[in-house]
Amino acid sequence: MWVRPGGDACLCNFAHLPWGFVNTSRRVSVLVCDDEELIRWSLSEHLQGEGYATIEVDNGARCLEAVRDHAPALVLLDLKMPERDGLSVLETLRSEGNDVPVIVLTAHGGIESAVTATRLGASAYLTKPFDLVEVGLQVEKVLADDRLQREVQYLRNRQRAGYGEFIGASPRLAPLFEALERLERVDAPTVLVTGESGTGKDVIARAIHVHGPRKDGVFVEVDCASLPEHLIESELFGHERGAFTDAKNTKRGLFELAAGGVVFLDEIGEMKPITQAKLLRAIENRSFRRVGGVASIPLNASLIAATNRDLRREVEQGGFREDLYFRLNVIPIHIPPLRDRTEDVPALVAHFLDRFSRTLGRKVEGASRDAMSLLQSYGWPGNVRELRNLLERVVLLGKSGTVEVDDLPPEMRFRGMARARRTAVHGFTLPEEGVDLEAVERSLVAQALERAAGNQSAAARLLGISRYALRYRMQKFGLA
């Protein structure tokens, strides 16, 4: 229960905050920002009667805080307020990329300001004195329009850019897509796909098969990391009866079974040197022999190899044959990590939610504004695989029809909170005795590199600078 100053008691759920009262009993919340208490109260009372939750603030600065902290579905914003007016608040929201619907409130003489606010992105405006029924109708209309726009955006995301089942429209993917389009017309004997774990190397391999000249042949996948060394040769090349103790029958290998199709050698960097040598001979001669056999069998399959390792470094360190590396690297394809193309996260979210909603029988559509912001700012060490697994868990265990902040793992939520706190801090407090600025800068760069495990892109994000600016400082301070 709370009591309006000078008024009657009202039964309401609320969270007591320094800047006002919050009714959190409804899912759809409206933020009421006006410096006149009676107007705030009357609007809140009417909207609560219509089934909305309400948040009250009395100035522009607190309005911005409330939008950032509570992500209301709509804002009723007075244009004339002390300290910070409504136009300034609206301009700040839009410059931050916040597209929350805003209805501006203005006196009869402020129509020109209302028109300016509309140009800045306000959804509508109401003139004082206003009819409360009209306010409720306008709020309902603006929220309905906002829902419609989001549904349209969701459908557009489903018709996403990409290649086959690989989703993305980031400029960083342009070289990848160009290479894939060339492979549609070229029957390449070998292709090397590189990228971190979880980026979708297997998806790219299947896309090459489906869209390439060998699409009518079979697609055979070999996990080089899981097959024991004494079995991988037999799996690839086959064996004759009696070739070893358990070889009771002749067995055709995957290279033979895949004739006319594609063999996908996943995690080829895990292959042992002795098998590397035999694979090299098969590629160079375009033929092979079964284990224990003498007859040469033509290698009539295209080979796509994939690895999350830096094979060039493996060659330098003696872990991978240089001649095999050059044989495989005729057509190199690199997949950038998800953290370098976070603009693709919304389309990926829409794709996976649609897939899991259909397969798991629980409909989840889209993500809330705050949840999407966290998803796009997260570093994704597990790349697309990590995002896919997270969304599958949300569809299975989520409590609502959208992805909410509470559905995200703690490390993702806490990282977002920490980033918000850092954003709120305008600078460090300078000690009275002063500091060595270069020493402080060097220390921060070193800490960021350590926290990011040497990943320069991640370290640059921690410092709020570009990767090129980070590299300059690394060279400057001898941290390269």
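User: Why is Arg339 called buried in this predicted model?

Analyst: The relative accessible area of Arg339 is 11%. Buried means under 20%, and therefore Arg339 is classed as buried.

User: What makes the pairing of the Arg339 and Glu196 side chains a polar contact?

Analyst: The two side chains are joined at 2.5 Å. The cut-off for such a pair of N or O atoms is 3.5 Å, so the value lies within it.

User: Which residues does Arg339 contact, leaving aside its neighbours within four places in sequence?

Analyst: They are Glu196, Gly379, Asn455 and Arg461. Each is called a contact because heavy atoms lie within 4.5 Å.

User: Where does Arg339 lie relative to strand S20 and helix H13?

Analyst: Arg339 belongs to the loop between strand S20 (332-334) and helix H13 (345-360). The protein chain as a whole has 19 helices and 20 strands.

User: How many of the residues of the protein chain count as buried?

Analyst: The proportion is 43% of 480 residues. The chain exposes about 25500 Å², of which carbon and sulfur atoms supply 50%.

User: What is the mean pLDDT of the protein chain?

Analyst: The mean is 83, and 87% of the residues reach 70 or more.

How values were computed. Residues numbered from 1 in each chain as written. Predicted model: local features only at pLDDT ≥ 70, side-chain atom pairs only at ≥ 80, totals over all residues. Heavy atoms only, no water. Helix = DSSP H or I, 4+ residues; strand = E, 2+ residues; numbered from the N terminus. Buried < 20%, exposed > 50% of the residue type's maximum accessible area, 1.4 Å probe, protein only. Polar contact = N/O pair within 3.5 Å; in protein donor to acceptor, adjacent residues only side chain to side chain. Areas by Shrake-Rupley, 256 points an atom, 1.4 Å probe, with all protein chains shown as cover. pLDDT = per-residue confidence, 0-100.
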